[in-house]
Amino acid sequence: MDAPLQRTIIEPFRIKSVEPLRFTTRGQREAALAAAGHNLFALRSQDVLIDLLTDSGTGAMSAEQWAAMMRGDESYAGSSSFERFEGVVHELTGLRHVIPTHQGRAAERILFTEAVGAGDVVPSNSHFDTTRANIEYQGAEALDLLCAEGRDMESEAPFKGDMDVEALEAAFERHGRERIPLVMVTITNNSGGGQPVSLANLRATRAVCDRHGIPLILDACRFAENAWFVVEREEGHADRSPREVAEEAFRLADGCTISLKKDGFGNIGGVLALNDGELARRCRNLLILTEGFPTYGGLAGRDLEALAQGLLEVTDPDYLRYRVRTAEYLAERAWSAGVPTVRPAGGHAVYLDAKAMLPHIPAHQYPAHALACELYLEGGVRGVEIGTLMFGRPTDTGEDDPAANELVRLALPRRVYTQSHVDYVGEVIAAVAARKEQIRGYRIVDQPPALRHFTAVLEPLAG
Ligand SMILES: *Cc1c(COP(=O)(O)O)cnc(C)c1O
């Protein structure tokens, strides 16, 4: 469409402030991993060279965001920074009531405390883990209704985050509209490989909600990446700006929860926005109880300024083209090293398929954990296991109930790493792949009763 100057898709920014990387030797990394109980969450960040643990709160702020922070109005009530934040969120979403929170899960907890009750059912394309946990904490059921292509790792379908709309209709029939207080859609689908949701699917979901008179709430952490995929892939949207597409998506909803640590370009922050004035009033009362006064909601005035500016920057097409291309480029490096990934690449991360790569390591010896540890030992690259260590359950036989997939997620912080960093990660993946037959599994030495992947202690199995 444009950009005749672009050959390689370059980083659409130059660097004004730098943070040195700390290089380590293989011996130092072996010692650090052993000291961490072979759990990558227990490493000191100083011992990590390229940190792809998460894209949440790890982005780089722009010069304009840093400048905006100096304008932060730290007044307890009626801060002008809140007015700016509220204006930007209102323009983007069209939603009437804007409630700042310290991060996404706080917005979720406040909304579900007021809108969801024991015995309720909350359908979604796929709930993110904090969303699911907050719904279950209310005694309700979090129901995932992802489309069939989304469950097939190798499908190259363009919108693998779509809701299965027939299954949603069936859920209304089975449970009745009285038990379904709201429907959620996560854009992009973080739990399902960062795959996008089409506008057509959002519209169809909206139509089901309308038929039953039930509100549609977006979990919109990656609304800008989702909009870019719509521009690139959905028929009839190629000539639109990602901003227009994002605005349209929000206008199909009655409310949203957003972690602004993702597409808000913030290191901290979240928001709950709603059209229903009565529900918003109750949510604000709970906000005052646990987060803060409604014009700051657990954030500093300077945070609100940085987030308002970040929300304006993130829909820049040059940024989104570079962003989505980076993940695709990393996936291509993995493929050329013979390492399979979830296809197509997601917006914010690449998911390596350890089950396919390491068939000699059974699920109860944590193949994806083994791969993640090898990437660290080989080159100081930190990813996260999404497999049997995270989701499996111990059983009486001593062999865990396996998870459906064994993945290593390499999440890309926003505007932080350059193409040569990504090339380096590709080299590390290739070096590990070249000796994959020698990689051994792990066993758990000590684990807590819940969310074990964060704190479990492991040890490598003898060869
Ligand atoms: C990160 C995330 C959340 C939770 O946000 P936090 O800011 O980490 O509390 C909710 N939903 C999705 C899809 C996310 O990616």
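**Figure 1. Surface of the predicted protein chain.** The protein chain exposes about 19,400 Å², with carbon and sulfur atoms supplying 51% of that area. Areas come from the Shrake-Rupley method with a 1.4 Å probe, and for residues only the protein chains shown count as cover. This is a predicted model, in which local features need pLDDT of at least 70 and side-chain atom pairs count only at pLDDT 80 or more, while totals for chains, interfaces and linings use all residues. Residues are numbered from 1 along each chain as its sequence is written, and side-chain values use heavy atoms, with hydrogens and water left out.

Figure 2. The C-alpha atoms fill a box of roughly 65 × 55 × 45 Å along the principal axes.

**Figure 3. Secondary structure.** The protein chain has 17 helices and 14 strands. These are DSSP runs numbered from the N terminus, with helices being H or I of at least four residues and strands E of at least two.

**Figure 4. Domain 1 and domain 2.** An automatic or database domain assignment gives domain 1 (26–55 + 316–460) and domain 2 (63–313). Their centres, taken over C-alpha atoms, are separated by 28 Å. The contact (heavy atoms within 4.5 Å) takes 23 residues from domain 1 and 25 residues from domain 2.
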